[in-house]
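Trainee: Can we go through this one together? I'd like to see how the labels follow from the numbers.

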Amino acid sequence: MTVKRKFNAGDIVINLVMILVCFITLYPMYYVFILSISDPVVAASMKVYFYPRGLYFRSYSILATDGKMWRAYGYTIFYVVANTLLVLLTSITCAYPLTSKKLMGRKFVVAFLLVPMYFGGGLIPSFLLISKLGLYNTVWALIIPSCFNIWYIILTRTFFVGIPESLRESAQIDGANNFTILSRIYVPLSKPILAVVGIYTIVGVWNSWFTSNVYQPDTSIQPLQMYLRRVLVQQTVDLTKLSQAEAEAMARLKLSNNQLKYSMIIFTTLPVIFTYPFFQKYFVKGVMLGSLKG
Amino acid sequence: MEKKLWRYLSVTLAVLLMMGVLSACATSPQTTGSSNKNKSKGSNQAADKAGSKTIHIMGPETGNPHIHFKDREKYSSWKEFQKLFKEKGLNPKFEVVANDQYQTTLQTRMASATDMPDFLNVTGLGDDTILNFVDKGTILPVNQIIDEHSDGTAKQFFAEGGKGARSNALNAAENGNVYWISQIQATTYDGKPGSTNQVISVRKDWLDKLNLEVPKTADDFYHMLKAFREKDANGNGQQDEVLAFNPAAWNNGIAQWFGLVNEISCFVIEDGKAVSPWYQPGIKDYFKYLNKLAKEGLMDTSTIGGGDPLDQVIAENKAGAIFDYCMQTWQEPGTGDPDAAYLPIGPLKATDAAEPILAIEPPYLSYNRWAFTKECKDLDVAGTLLDILCSDKYMELTQWGIEGETYEVKDGEKKLLPIALNASWEQAAKEGKEIGDLIWANGSIFPKRRFVPMENEISIVPEYKAEFQRNIIDYHPTTPLGKENYFPVPTQEQVQRRLELNTDLGTQSSQLATQLILGQISMDDWDSHIQSLKDLGLDEILKIDQTLLDRYKKNVKD
C-alpha cells in the first residue's frame with residue numbers, strides 16, 4: 001500500500017529555489033548559445049535576452065573551416081586521452097601498494113606524498129625543471145608533469161582500503177600475484193572511483209590553458225583553450241593606449257572577432273557536456289565513496 | 001574480448017610512456033624545441049654556408065589581422081631585407097611567439113635565464129624588472145657593443161646629430177650606459193615635426209540631419225548633446241543618445257578642454273613642469289561640467305572604466321560623441337550605421353581659469369625596447385645586427401618598402417602607393433607587397449625606423465578629418481600621449497618608489513574623480529580630498545617626474 005506524502009509549503013519553497021538555481025546555472029550557457037547564432041550587430045549591442053535575433057550561422061562556418069581551430073581540437077583530444085590514461089594508471093599503481101599493511105615505510109611514503117599537496121616550488125622552479133628535462137615547447141610538457149596527481153592517488157587509495165582484505169587473502173591463497181589481484185579484483189570493483197578520477201582529469205585537462213601558455217610558445221601544438229583565450233584577449237585591448245597605427249590594426253581585429261568568441265565558447269564546451277552522461281552513473285556513486293574516512 | 005581490451009590498453013599506455021621517455025632523452029636542454037621550431041626557411045640555406053654566423057632572435061608576432069611575420073617569405077620587402085643579412089654574413093634564427101603569449105614567455109625565460117635568445121623584444125618587462133636584469137648582467141650594454149663592434153653605421157646613427165641620437169639619450173641610464181634600443185617614429189608635416197592627436201569627435205551625420213552647428217565651446221557641446229537626445233538623432237524612437245567616453249581616465253578629451261594634463265602626473269610640453277590635474281586651476285569647473293552631463297543623462301555612466309560597456313554604447317549606435325585619434329576611421333563601422341561619420345572637434349574653450357590643451361602623439365616617438373642578452377657570446381654578431389638595423393637600406397625597407405611596389409617617387413618626394421596604406425592590408429597580404437614596418441617591425445621582431453611625412457596618412461582619410469588635422473597641427477599648448485617619451489631611464493630607487501606609490505594613488509584618484517563626477521561626494525570637502533592624495537604620495541610622484549623631466553631637458557637637445 002503506497003502512502004501518499006502531503007505536498008506542503010516547504011516543498012513549494014524548495015522546488016522554487018531549485019528552479020531558480022537551475023535557471024541561474026543554465027541561463028548563462030543558453031545566453032552564450034543564442035548570442036552565437038544572433039546577428040553580430042545585435043549581439044554586440046547586447047540586445048539578445050531569451051531568444052536569438054536575426055539568425056546568423058556564419059561564425060560557426062568560419063570556425064568549421066578554420067584549420068587552426070581543428071588542429072587545436074585534435075591536440076586537445078590527444079592531451080585529454082593521454083593524460084586520462086596516464087593519471088588512471090599512476091593512480092591505480094601507486095594506490096594499490098599503499099593499501100598493503102606489509103609495505104615497509106608506508107606511513108613515511110604517505111606523509112611524503114602529502115607534503116607536496118601543501119607546498120609547491122612555484123612557477124620559475126617548475127619552468128627550470130621542464131626546460132632541463134627537454135620538455136619545453138613540446139607536447140609532453142602538458143602530459144608528463146600532470147600524469148601524476150597525488151590527490152587522485154589518495155582518493156583511489158581510500159577507495160581501495162574499503163575493499164575487504166579477505167578478497168585479497170583468498171586470491172593469494174588461490175595463487176594470484178599482486179598484478180593479478182590488482183587487475184582482476186581491485187580494478188573491476190573500483191569503477192566508481194575510476195570514473196570520478198577520469199571525469200575530473202578530462203574536465204581539468206580540457207579546460208587548462210595556463211600550462212600551455214607558459215611551456216608552449218609554439219602555437220601549432222597548443223590546446224583549444226589557448227586558441228579561445230587568444231580570441232578573447234584580443235577583445236579587451238584599450239585602443240586609446242596604442243599608437244594610431246597599432247590602434248587601427250587592433251580595432252579591425254576586435255570587430256571581426258566579436259561574434260566569433262561566442263561560437264568558440266560553444267565549440268569548446270560541447271564535448272565535455274556530451275562526455276558527462278556516460279560517466280554519470282559512476283560519478284554520482286563514486287564522488288562520495290572516495291572521500292577520506294578516518 | 002575483455003582480455004584483448006586489456007592488452008590493447010596496456011600496449012597504448014606502454015607506448016605513451018615510452019614516447020615520453022624517448023622525447024625527453026632525444027632533446028638536450030641546449031637545443032630545446034624553442035630553438036628548433038619556427039626556423040626561418042630562407043635562413044636554413046644560409047646556415048649551411050661556410051662563414052655565416054648565427055644569431056637567435058625572439059619577438060612577438062605582429063598584431064595585424066592580415067600581415068604576419070611567419071608569412072614573411074612571400075613579401076618582396078623581406079627578400080630584400082634578407083640580402084642585408086647575407087651581405088653581412090649573418091644567419092638569423094627566428095623564434096616568433098604569439099602576441100598574447102609573448103609577455104609570459106619573455107618573463108619566464110628571462111627570469112629563469114633558460115634558453116634565452118641573443119636578441120629579443122623586451123618591451124613586456126617593467127622598468128624595475130629590466131633594471132634588475134641589467135644589474136645581474138643578463139642584459140648587455142648596447143653602447144659598448146656599438147663602440148667596440150660596430151662598423152660605424154650604428155655609431156653614426158646614435159651619435160649626436162644622427163637620427164637615433166634622441167632615442168639614445170632617452171634610453172641612457174644614470175650610469176651613462178644604454179641597455180636597449182627602441183623603435184623610432186618621427187612624423188613631419190610640411191617638413192617640420194608634426195603630431196597627430198586624440199580629441200573628442202562628434203557625429204557629423206547627426207549634426208547635418210538635425211541642422212546643428214559644430215560646437216565651438218563646451219557650452220555648445222552640452223547643447224549639442226541635449227539636442228541629439230531630445231530630437232532622437234539615431235532615429236530609434238528612444239532618447240538614448242550619449243557621450244561615450246571614460247571619465248575615470250584623465251586622458252578623455254574633455255579634461256583637456258579645462259587645461260588639465262592627461263595623467264595623474266604629467267606636464268604641459270611648452271611649460272616643462274610636472275603637474276597633477278588635481279592642482280590645476282580648471283579642475284573644479286571640470287568636475288562641475290561632467291557632473292552636469294551625468295545628472296542630465298547625457299553621459300553614460302556605465303562607461304566609467306572603459307572596456308566592453310564603452311564598445312557596447314558605440315555598437316548600439318548611441319554614441320553622439322567619442323574620444324579617439326582625430327584621424328581614426330575604425331569606430332564608424334562599429335556603429336552598424338552606414339552613414340556614421342565622426343568629426344573631430346576641439347579643444348573647446350570650457351573655462352576662464354585655463355586655456356584648453358591638446359593631447360598629442362609626440363612627433364618623435366621612441367618606444368618599446370630590444371636588447372641583447374648574455375647568451376650573445378659573439379659581440380661582433382651583435383654589432384653587425386645593430387649596423388643592419390641602423391642602415392639606410394633597413395630604414396627604406398621598413399618605412400617605404402620597394403619602389404614601384406609599395407611606393408613611388410613623385411616630384412622628388414616619396415609617396416606610399418595605395419596597396420601600402422592602412423586600408424589595403426588584405427590585398428597586400430594576397431599580393432605579397434607591403435612595407436617592412438607591418439611585416440617585421442611595429443612592436444614585433446625588429447624596431448621600426450619610421451621617418452614618414454604625415455601627408456601620406458592624411459591623404460587616405462575623409463577630407464573633414466584631414467582638414468581638422470591640418471588646421472590643428474600648430475596648436476599650443478600641448479600635453480603628450482605617453483609622457484615616457486620625455487623621460488629618460490629612471491634609477492632603481494625612482495622605479496621602486498613609483499611602484500610603491502602608483503597603485504594606491506591611482507586607485508584613490510580614480511575613485512575620487514568618479515565620485516565627484518557622479519555627485520556622490522561634495523566639492524565642499526575639496527581640501528580633504530586633496531589631502532588624501534597628498535598622504536598617498538602625490539607630491540613625491542610629481543617630484544620624481546620633475547627630476548626625470550629635468551634630466552631629459554639637459555640631455556636631449558630639441
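Predicted model: local features only at pLDDT ≥ 70, side-chain atom pairs only at ≥ 80, totals over all residues.

Trainee: Which residues touch the most other members of the largest nonpolar core?

Mentor: Val202(B), Leu243(B), Ala244(B), Tyr286(B), Leu290(B) and Ile322(B), out of 71 residues in that core. Helix α13 (residues 283-295) of chain B gives the largest share, 6 residues. There's also a second, separate core of 59 residues, which includes Leu90(B), Tyr102(B), Ile139(B) and Ile445(B).

Trainee: Why is Gln546(B) called partly exposed?

Mentor: Count the other C-beta atoms within 10 Å: Gln546(B) has 16. Buried takes 20 or more and exposed takes 12 or fewer, so a count in between is called partly exposed. Gln546(B), then, is partly exposed. The residue sits in helix α24 (residues 538-555) of chain B, and its contacts include Lys273(B) and Ala274(B).

Trainee: What makes α4(B) and α17(B) roughly antiparallel?

Mentor: Helix α4 (residues 76-88) and helix α17 (residues 392-399) of chain B pack at about 165 degrees, with axes 10 Å apart. Angles over 145 count as roughly antiparallel, and therefore α4(B) and α17(B) get that label. Their crossing is left-handed.

Trainee: Which residues of α4(B) and α17(B) meet?

Mentor: Ser77(B), Glu80(B), Phe81(B) and Leu84(B) in α4(B) meet Lys393(B), Tyr394(B) and Leu397(B) in α17(B). That contact divides into 4 nonpolar, 1 polar and 2 charged residues.

How values were computed
Residues numbered from 1 in each chain as written. Chains lettered and ligands numbered in written order. Helix = DSSP H or I, 4+ residues; strand = E, 2+ residues; numbered from the N terminus. Contact = placed C-beta atoms within 7 Å. Axes fitted to C-alpha atoms, helices over the stretch in contact; angles between N-to-C directions. Parallel < 35°, antiparallel > 145°, perpendicular 65-115°, else oblique. Left-handed = near helix turned anticlockwise from the far one by under 90°. Nonpolar A, V, L, I, M, F, W, Y, C, P; charged D, E, K, R; others polar. Core = buried A, V, L, I, M, F, W, Y, C linked by C-beta atoms within 7 Å. Lists of a residue's contacts leave out its neighbours within four places in sequence.
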